[in-house]
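Could you walk me through this model in my viewer, one selection at a time? I would like to know what to pick next and what to look for once it is on screen.

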Amino acid sequence: LNISLNSTPAQPGSIAGSNSLCQGNTSTYSIAPVSGANSYNWTATNGTISGSGTSVSIEWGSGSSGVVRVASVGTCGTSTNRTMNVTLNQSPGQPGAISGSPAPCEGSTETYSISSVPGASFYDWTISNGVLSGSGTSVSVTWNNGSSGTVRVAAENSCGTSANSTLNVSLASPPPQPGSISGNTSPCVGTTLVYAISPVVGVNTYSWICSGGTVSGNGTSVSVTWLNGGNGNVRVASIGACG
């Protein structure tokens, strides 16, 4: 009687497949056939296996890592496992608060920035009512005219895009023109007279200019000393944070 002595099948060779991919992705893993193996025992940590034989698919979970193991199964037992460690990447987190002026002037150029986000490859900035320049964690925005605008930014990588962080902006404009100037329109040379306007809402300072005389003061009421004969004029403008 001739006897054939069988042994436990050899450990499978290296596992082919991605060892770095995004959480939730599905990838294929395979090995070369092992002599004497009748089947293969695949296991996955933090993943769900579909299929059998020398090639399987694994849908990965939401953790930061996973492990693929496969052993050869024969008549006389099971081999030791062949193992592959897998890194599971995730989309970056939402950026933190956007720093920069929340109340810029119309037409001004302002800088807006965020702290870097772990795992982000780049940042997607979007602007309403302005023109964007730059990229990365800091950009410049030239604002258009209007009452408001918005700055938004999301972090991105190969696994996806985060939620936006948003900064709502109130755009300020130059103050209104003052109303009519009250005062004597036919002064005598050498006299000092008062000229005044009604207060302009939101304005504390005014620019007064006089041809033919000298001005004292910068509020809603000033004194003008007339120096020369002939014609002169008095001008006044409102001064605000935006012009």
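Start by selecting serine 165, which belongs to strand β15, residues 165-170. Keep in mind as you go that this is a predicted model. Is serine 165 buried or exposed? Its relative accessibility is 7%, and because buried means under 20%, serine 165 counts as buried.

Now show what surrounds this serine. Beyond the neighbours within four places in sequence, serine 165 is in contact with Gln94, Pro95, Gly96 and Ile98, and also with Val151, Arg152 and Val153. Two of these deserve a distance label. A polar atom of the serine 165 side chain lies 2.4 Å from the backbone oxygen of proline 95. For the backbone oxygen of glycine 96, the distance to a polar atom of that side chain is 3.4 Å.

Next, turn to the aromatic rings. How many aromatic pairs does a search of the whole structure find? There are three.

Then select tyrosine 195 and tryptophan 226. Their ring centres are 6.0 Å apart and their planes lie at 85°; since an angle over 60 degrees counts as edge-to-face, that is the label for this pair. Which strands does the pair link? Tyrosine 195 is in strand β16 (residues 192-196) and tryptophan 226 in strand β19 (residues 221-226), so parts 31 residues apart in sequence are tied together. Tyrosine 195 is buried, with a relative accessible area of 4%, and tryptophan 226 is buried, with 9%.

For the last stop, pick isoleucine 209 in strand β17, which covers residues 205-211. Leaving out neighbours within four places in sequence, isoleucine 209 is in contact with Val215, Asn233, Val234 and Arg235. Isoleucine 209 and cysteine 76 are 133 residues apart along the chain, and their C-alpha atoms are separated by 106 Å.

How values were computed
Residues are numbered from 1 along each chain as its sequence is written. This is a predicted model: local features need pLDDT of at least 70, side-chain atom pairs count only at pLDDT 80 or more; totals for chains, interfaces and linings use all residues. Side-chain values use heavy atoms; hydrogens and water are left out. Helices (H or I, at least four residues) and strands (E, at least two) are DSSP runs, numbered from the N terminus. Contact means heavy atoms within 4.5 Å. Buried means under 20% relative accessible area, exposed over 50%, partly exposed in between (1.4 Å probe, protein chains only). A polar contact is a pair of N or O atoms within 3.5 Å; within protein, one must be able to donate a hydrogen and the other to accept it, and residues adjacent in sequence count only if both atoms are side-chain atoms. Rings of Phe, Tyr and Trp (its six-membered ring) pair if their centres lie within 6.5 Å; planes under 30 degrees apart count as stacked, over 60 as edge-to-face and the rest as tilted.
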